[in-house]
Amino acid sequence: MLSLKGSVRKHLIALVGFGTVAQGLCKILLEKRDLLKRDHQFEFEIVAVSTRSRGTMFHPAGLSLSYLNYLAQNKVPFVENLKEWDAEDMIRESNATVVIELAHSNMQDAEPAITHCRTAFKTGKHIICGNKGPAAVAYSQLKALAKKRGCAFLNEATVLSGTPTLGFYKNSLRGNPISRVRGILNGATNFILSEMEAGSSYDEAIQQAEKRGYLEAEKHADVEGVDAQAKLAILANELFDLTLELQDIKRVGISALTQVHIEAARRAGKRWKLVATLSNEGDNIVAHVEPEELDLSDPLAHVTGSMNAITFSTDHLGDVTITGPGAGGEETGYAVLSDLLTLNTGVYS
Ligand SMILES: NC(=O)c1ccc[n+]([C@@H]2O[C@H](COP(=O)([O-])OP(=O)(O)OC[C@H]3O[C@@H](n4cnc5c(N)ncnc54)[C@H](OP(=O)(O)O)[C@@H]3O)[C@@H](O)[C@H]2O)c1
């Protein structure tokens, strides 16, 4: 009988960072190991994990996933298979075939993550990022270096967490050019605006968002729109092959919105949302992140809480909107898994 399934490929994974997303990914990989091999011909070992404060673990044949999950749940120091390596040493020296960058996103200069990506490509290793810095700040240089070295540079987790965005565009919208995307790309600000609609003041809503772990350590990045701005820069590269500096994207956050604005919108049958817009028609590029009063007929107006959404304005289908989770360890871990499965197909340019 003709089998359409290819041969099993084995990937040796190194993790930079072992926080919320890395731990979510490990949980999924532990649960799905058999399914991934059976249905996707995907096999893996996690050979190395590097953190800033817990050190680096390495075993060339693979670390125990159950033990990694124990470490995730118990927050105890690393004690086995220790190596005197920082993340860059780990990338250079380990036998990993793919490096997953899950350290904090730094939108100033995106270091040390850019160095991590360069080191990986120079040593023939693929990169999958959840960290937004490299793709927001240095996409075209890194993509070119990856291509030169025959490596993948994949970023599904950076835009809408686990909600398929880049893969949806590249696979499901093939042959259907898009002229514009508009989205709610930041879950924390959407949650804050939803709380304000439910009657909370801006400060109370911020406190709620902090309590639920929605805000980045640098909450300015969320509420002033820097996080959404970085995601728009990544979308410009991935969707339109367009390099935008972050400062080229006009940005206004939500910190000036008060109950007065929220109430006035409600009376007018509208709703405030932090909307990121990118269009590329002819020579006319529009890129901005700003609060907008949306009519309730707009699908984005109905995206509440920490959910994210994006509307693609397409050639043949008109507007297509997808909505789903914009944050979370397992949700974002799933986006990383989808990039691993893309890598496994061998088609990733
Ligand atoms: N959480 C989400 O829902 C989500 C969604 C989409 C994208 N992301 C992005 O995914 C990345 C990971 O997010 P997270 O929520 O997992 O973050 P997190 O819980 O704060 O974990 C970050 C991890 O990175 C490690 N780290 C920081 N600097 C490092 C360095 N120089 N070398 C090695 N390790 C380093 C930290 O180590 P120490 O703990 O020892 O400092 C920690 O283990 C971030 O860039 C984030 O913006 C997150």
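## Domains

The domain bounds used here come from an automatic or database domain assignment. The model itself is predicted. The assignment gives domain 1, which covers 9-161 + 330-345, and domain 2, which covers 166-326. The centres of domain 1 and domain 2, taken over C-alpha atoms, are separated by 27 Å.

Where the two domains meet, domain 1 contributes 15 residues and domain 2 contributes 18 residues. On the domain 1 side of this contact, α5 (133-148), α6 (157-160) and α13 (329-345) each supply at least two residues. Helix α5 gives the most to that side, with four residues.

## Overall form

The protein contains 13 helices and 13 strands. Its C-alpha atoms fill a box of roughly 65 × 45 × 40 Å along the principal axes. For 349 residues, a compact globule would have a radius of gyration near 20 Å, and the 21 Å of the protein agrees with this.

Of the 349 residues, 47% are buried.

In soluble globular proteins, nonpolar side chains tend to be buried together. In the present model, the largest nonpolar core has 108 residues, and those with the most contacts inside it are Ile13, Leu15, Ile127 and Leu232. Helix α11 (residues 226-240) gives the most to this core, with nine residues. Domain 1 (9-161 + 330-345) and domain 2 (166-326) both give residues to the core, so the core lies between them.

Not counting residues up to four places away in sequence, Leu15 touches Ala22, Ile46, Val49, Ile100 and Leu102.

## Surroundings of the ligand

Which residues come nearest to the ligand? Of the 26 residues around the ligand, these are Gly17, Gly19, Ser53, Gly130 and Ala327.

Helix α1 (residues 20-40) gives the most to the shell, with three residues. The residues of the shell divide into ten nonpolar, 13 polar and three charged.

## Methionine 57

Methionine 57 is placed in strand β3 (residues 56-58). Is methionine 57 buried or exposed? The threshold for a buried residue is 20 or more other C-beta atoms within 10 Å. Methionine 57 has 25 C-beta neighbours inside 10 Å and therefore counts as buried.

Leaving aside neighbours within four places in sequence, methionine 57 is in contact with Ala48, Val49, Leu63, Phe78, Glu80, Asn81 and Leu82. Methionine 57 and valine 79 are 22 residues apart in sequence, and their C-alpha atoms are 8.3 Å apart in space.

## Backbone features in loops

The loop between β5 (98-101) and α4 (113-122) holds proline 112. A cis peptide bond joins glutamate 111 and proline 112, with omega about 5°. Alanine 110 lies in the loop between β5 and α4 as well. Phi of alanine 110 is near 60°, a positive value in a residue other than glycine. Alanine 110 is buried because 22 other C-beta atoms lie within 10 Å.

Serine 161 is found in the loop between α6 and α7 (166-172). Phi of serine 161 is near 55°, again a positive value in a residue other than glycine. With 26 C-beta neighbours inside 10 Å, serine 161 counts as buried.

## Serine 7

Serine 7 belongs to the segment before β1 (9-16). How many C-beta neighbours does serine 7 have inside 10 Å? The number is 5, so serine 7 counts as exposed.

In sequence, serine 7 and phenylalanine 42 are 35 residues apart. In space, the C-alpha atoms of serine 7 and phenylalanine 42 are 9.0 Å apart.

Note on methods
Residues are numbered from 1 along each chain as its sequence is written. This is a predicted model: local features need pLDDT of at least 70, side-chain atom pairs count only at pLDDT 80 or more; totals for chains, interfaces and linings use all residues. A nonpolar core is a set of buried Ala, Val, Leu, Ile, Met, Phe, Trp, Tyr and Cys residues joined through C-beta atoms within 7 Å. A residue is buried if 20 or more other C-beta atoms lie within 10 Å of its own, exposed if 12 or fewer, and partly exposed in between; C-beta atoms are placed from the backbone. Two residues are in contact if their C-beta atoms, placed from the backbone, lie within 7 Å. The radius of gyration is taken over C-alpha atoms; the globule rule is 2.2 Å times the number of residues to the power 0.38. A residue is near a molecule or strand if its C-beta atom, placed from the backbone, lies within 6 Å of it. Ala, Val, Leu, Ile, Met, Phe, Trp, Tyr, Cys and Pro count as nonpolar, Asp, Glu, Lys and Arg as charged, and the others, Gly among them, as polar.
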